[in-house]
Amino acid sequence: MTTPEAVALWGVVGLPATAGAVLVVARPGDRVAVRFALAAATTAVMLSVLVAVARPAVAVPFVAGADFVLAVDGLAALVLPTVMVVTLLVLVAAVGEALTPAARFHGLMLLFAASAALTVTAGTLPTLLFAWELMGAASYALIGFRWQDGARVSAGLTAIVTTRTADLGLYVAAGAALAGGAGLALSDLAASSPGWRHVMAAGVLVAALGKAAQLPFSFWLSSAMVGPSPVSALLHSAAMVAMGGYLLLRTQPLLAATDWAGPAAMWVGGLTALLLGAVALAQRDLKQLLAASTCAQLGFVVLAAGAGAVAGGATHLVAHAAVKALLFLAAGAWLAALGTKQLPGLAGVARRWLLVGSSASIGLLALAGIAPLSLWATKDAVLAPVREQSPVLYAVGLAAAALSAAYAGKALVVLWRRVPVDEQAAVDAYRDEEERGTGRIPLAGRMPLVVLAVAAACAGLLALPPVGAVVARAVGQPGGYLPVPVRELGASALIALVVLFLVWRWRAPEPGWARRWLDLRDAARMLVARPAMAAGQAAARFDDRVVDRGVERAAAATTALATRAGRVDDRRIDRVVELVAAGLRRLGHLARRPQTGQLHQYYLQAVVVLVVGVVVLVVLG
């Protein structure tokens with residue numbers, strides 16, 4: 001019997017997916033499309049809250065050996081409402097940008113959100129793969145939404161090719177799960193046979209690192225910044241990139257079941273947090289700064305998954321979703337109003353739009369780790385367990401946190417800087433550089449920022465007592481929750497304040513070696529793209545010079561043989577056939593002669609035949 005909770009669980013995934021498909025296919029008018037999308041997103045938010053409380057599970061037959069399973073446990077109950085609330089707020093903010101055609105944009109955004117919701121609730125690998133593929137396709141369409149611009153489509157292609165390459169790891173993991181005999185349920189992967197367990201862990205780790213834009217895959221996220229700002233806000237906060245970190249939190253028992261996957265995740269996450277923090281510090285484009293920051297902050301989530309700190313990683317994921325959605329929406333609002341996202345062109349912009357500037361400042365202060373804002377507590381909830389396992393990685397995490405304060409402080413100083421009259425012309429030179437600015441930020445673009453600012457300020461409570469213990473129990477880590485010592489919380493807050501003061505007092509450094517995203521794109525082009533192209537060209541040359549030439553020679557030989565056979569056919573076989581036909585024709589003429597129609601001649605012929613027969617019998621007898 002289907003329960004209301006089960007129907008709600010199907011609805012939280014199916015409603016935005018269906019509404020998105022209808023909008024993309026039917027293409028109603030902009031006003032109808034916006035209202036329809038907001039109604040669907042609002043309903044999905046309410047359904048997500050319902051299933052987060054009820055925690056139902058549903059299953060239908062899908063493929064041999066595995067059902068299509070949706071399930072809400074403690075981890076999903078924390079993340080699923082986050083995905084849907086952020087989606088609703090981003091769609092509201094997108095109304096202010098008036099992206100057209102609205103039906104296609106809002107439809108794709110709903111499909112994107114539905115794929116993220118399906119990823120969160122997936123209970124088996126086939127379900128996860130279905131969601132994973134849908135999420136990648138929707139991201140490609142959204143990054144290249146303005147398809148008339150070839151550069152934007154190329155950026156979307158870079159994103160999907162990079163992430164799809166890493167996604168092959170999930171298929172490897174699915175094959176290993178079948179071979180290992182444990183089944184395709186995500187909860188059963190850790191129980192597979194030891195040899196196949198390592199293959200599964202490697203596949204899941206690669207796929208998750210690709211989606212989360214961790215090293216060495218980080219460069220695709222830089223390209224994705226050409227998409228509309230609401231797309232960046234959702235992609236960086238609650239969908240796509242966040243889902244890479246979420247997958248590692250979901251499969252943490254599998255990582256722990258091997259002796260290498262957990263430490264590997266910790267090192268990749270820690271180094272990404274550190275190096276991409278330096279990349280963020282070097283950027284002069286606000287969206288590029290925030291993109292590198294996303295890689296760095298997701299590095300803390302990956303670090304948490306490797307260390308087994310599922311509760312800390314989950315709270316950091318949720319808090320980061322609020323912070324990053326807020327900052328990308330603010331950056332998008334300024335881009336739409338002023339036509340630039342270059343930091344020199346945004347000098348003093350927070351003073352011009354105080355509500356937007358104040359909201360963004362809360363997000364930047366949270367990103368810097370200033371107490372008592374959200375990422376201050378959640379970051380330490382990740383680093384505390386890391387300190388117990390690896391003091392070196394703990395130091396790396398603290399250095400990454402200091403870099404977070406540096407690049408957040410850099411943005412804050414620029415946004416609030418009072419521009420002298422003699423410098424105003426230089427700032428104005430950046431206006432309308434990237435698109436035609438409207439000079440205003442509509443109400444729809446401002447109101448979601450207030451809600452997200454409140455969330456960015458308060459989400460850290462999820463990592464502090466007593467709520468932190470509740471979250472730990474909910475995600476299945478009751479014995480692993482240890483409150484972060486006050487000494488560590490105070491030290492991290494002090495580090496953030498000192499770094500902010502230094503950045504405010506002296507200009508933040510911009511390491512040139514990091515400005516080009518560590519040259520990861522060039523490295524990928526040199527190590528992967530060029531060898532692949534060279535191999536393709538070599539294969540093409542082999543095809544042209546060997547295969548094609550062989551085919552051409554075989555065709556020529558066949559043609560020659562056919563020509564010779566034709567000559568033999570014309571000169572001999574046809575002549576023999578003609579001779580036989582001529583002989584038969586003569587015999588026919590001879591056979592027709594006795595056929596005169598005269599009865600007495602037939603009697604005579606009969607007598608002759610009888611006489612001949614008698615003679616033969618006598619002779620032979």
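Trainee: Where does proline 372 lie?

Mentor: This is a predicted model. In it, proline 372 lies in the loop between α16 (354–368) and α17 (374–389).

Trainee: How do I read the peptide bond from alanine 371 to proline 372, cis or trans?

Mentor: Look at omega. For alanine 371 to proline 372 omega is near 5 degrees, and the bond is cis. Now try leucine 215 and proline 216. A cis peptide bond joins them, with omega about 5 degrees. Proline 216 also sits in a loop, between α7 (194–211) and α8 (219–223).

Trainee: What about aspartate 519?

Mentor: Its phi is near 55 degrees, again a positive value in a residue other than glycine. Aspartate 519 lies in the loop between α23 (512–515) and α24 (520–592). Its relative accessible area is 32%, so aspartate 519 is partly exposed.

Trainee: Now the whole chain. How many helices and strands does it have?

Mentor: The protein chain has 25 helices and two strands.

Trainee: What radius of gyration does the protein chain have?

Mentor: Compare it with a globule. A compact globule of 621 residues would have a radius near 25 Å, but this chain has 36 Å. Its C-alpha atoms fill a box of roughly 140 × 60 × 50 Å along the principal axes.

Technical notes: Residues numbered from 1 in each chain as written. Predicted model: local features only at pLDDT ≥ 70, side-chain atom pairs only at ≥ 80, totals over all residues. Heavy atoms only, no water. Helix = DSSP H or I, 4+ residues; strand = E, 2+ residues; numbered from the N terminus. Rg over C-alpha atoms; globule rule 2.2 N^0.38 Å. Buried < 20%, exposed > 50% of the residue type's maximum accessible area, 1.4 Å probe, protein only.
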